[in-house]
Amino acid sequence: MRLDRILREAGVESRGEAVKRIRARRVTVNGVTVTDPAAHADPAADIIAVDGTPVAWRRFAYVMLRKPAGYVSATEDRGPTVMELLPASVRRPGMFPCGRLDIDTTGLLLITDDGALGHFLLSPRRHVAKTYRFTCDPPIGEDALRALCGGVDLGDFVTAPAELAPDGGTLPASSGEITVCEGKFHQIKRMFAACGSTVLTLERVRFGPLTLDEALAPGEWRYLTEAEEEALRAAGRGTPEKRESGRESPDRR
Ligand code: URA
């Protein structure tokens, strides 16, 4: 792989900046100074250093963002996007938010440039579980709980059974956690609306094997740990493709 690309993927903020550092004789490969940005190296095997400090190259970047309200889950939009919350050294070509949270929904968002894994996790056939903390008004009672857990007819589709855990384990409840294995547009809000309640706040706290890192403040991010990356890949490998017989619309998140 070209040296300037390796440096870019190791967190140097742009290809131009990587080229500058290489030409300035600041970069070594296995202890030997290299001044040609087009020179090739093997980032998995060679020790590549800038100013004597080895760089941490990543084949793919996996970022957990605690999405704040007010940001669009997209790479480009008229308004501010979640990508703008990442520093230039972390943003990479091909990075995208893995699924969409509404502009007012907060919480766990995976951002990656691993297109295959992203596609995998978002495939409607994969049934990746997503858990949201909600508050709602009016509080939901027995009937709503039964409907939400059994499947709600939203007109264009009937939702798959959800799991709902009211706070305190009692009903009626105005807050709790709901887990769904689909991700249709505005799904949770529409499910509650169909049961006569309005979602006031929604925060995603789990996405597949990932759990929101509560140490992150809204708008903060961190790279996934190796264990989290492995859990994601394992979730991908372990979920059988289940082709549904009926109509299928693409998951939105
Ligand atoms: N369901 C919604 O209604 N909105 C989201 O952002 C996520 C799930």
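Okay, let's start with a distance: the C-alpha centres of domain 1 and domain 2 sit 28 Å apart. Those domain bounds come from an automatic or database domain assignment. What we're looking at is a predicted model, where local features need pLDDT of at least 70 and side-chain atom pairs count only at pLDDT 80 or more, while totals for chains, interfaces and linings use all residues. Residues are numbered from 1 along each chain as its sequence is written, and side-chain values use heavy atoms, with hydrogens and water left out.

So where are the domains? Domain 1 is 3-54, domain 2 is 62-125 + 209-242, and domain 3 is 130-207.

Now, the meeting of domains 1 and 2. Four residues of domain 1 are in contact with five of domain 2, contact being heavy atoms within 4.5 Å. About 380 Å² is buried between these two domains, and carbon and sulfur atoms give 43% of that. Buried area here is the accessible area (1.4 Å probe) that two parts lose on being put together, summed over both.

Which residues make a salt bridge here? Glu-9 pairs with Arg-92, with their closest N and O atoms 3.9 Å apart. The cut-off is a side-chain nitrogen of Lys or Arg within 4 Å of a carboxyl oxygen of Asp or Glu.

On to the ligand. There are 10 residues around it, and Asp-102, Thr-105, His-186, Ile-188 and Lys-189 come nearest; near means a heavy atom within 4 Å. Thr-105 has a polar side-chain atom 2.8 Å from a ligand oxygen. From the backbone, a polar atom of His-186 is 3.3 Å from an oxygen atom of the ligand.

And how much of the ligand is covered? The protein covers 99% of the 240 Å² of accessible area that the ligand has on its own, going by the Shrake-Rupley method with a 1.4 Å probe.

Terms used:
A polar contact is a pair of N or O atoms within 3.5 Å; within protein, one must be able to donate a hydrogen and the other to accept it, and residues adjacent in sequence count only if both atoms are side-chain atoms.
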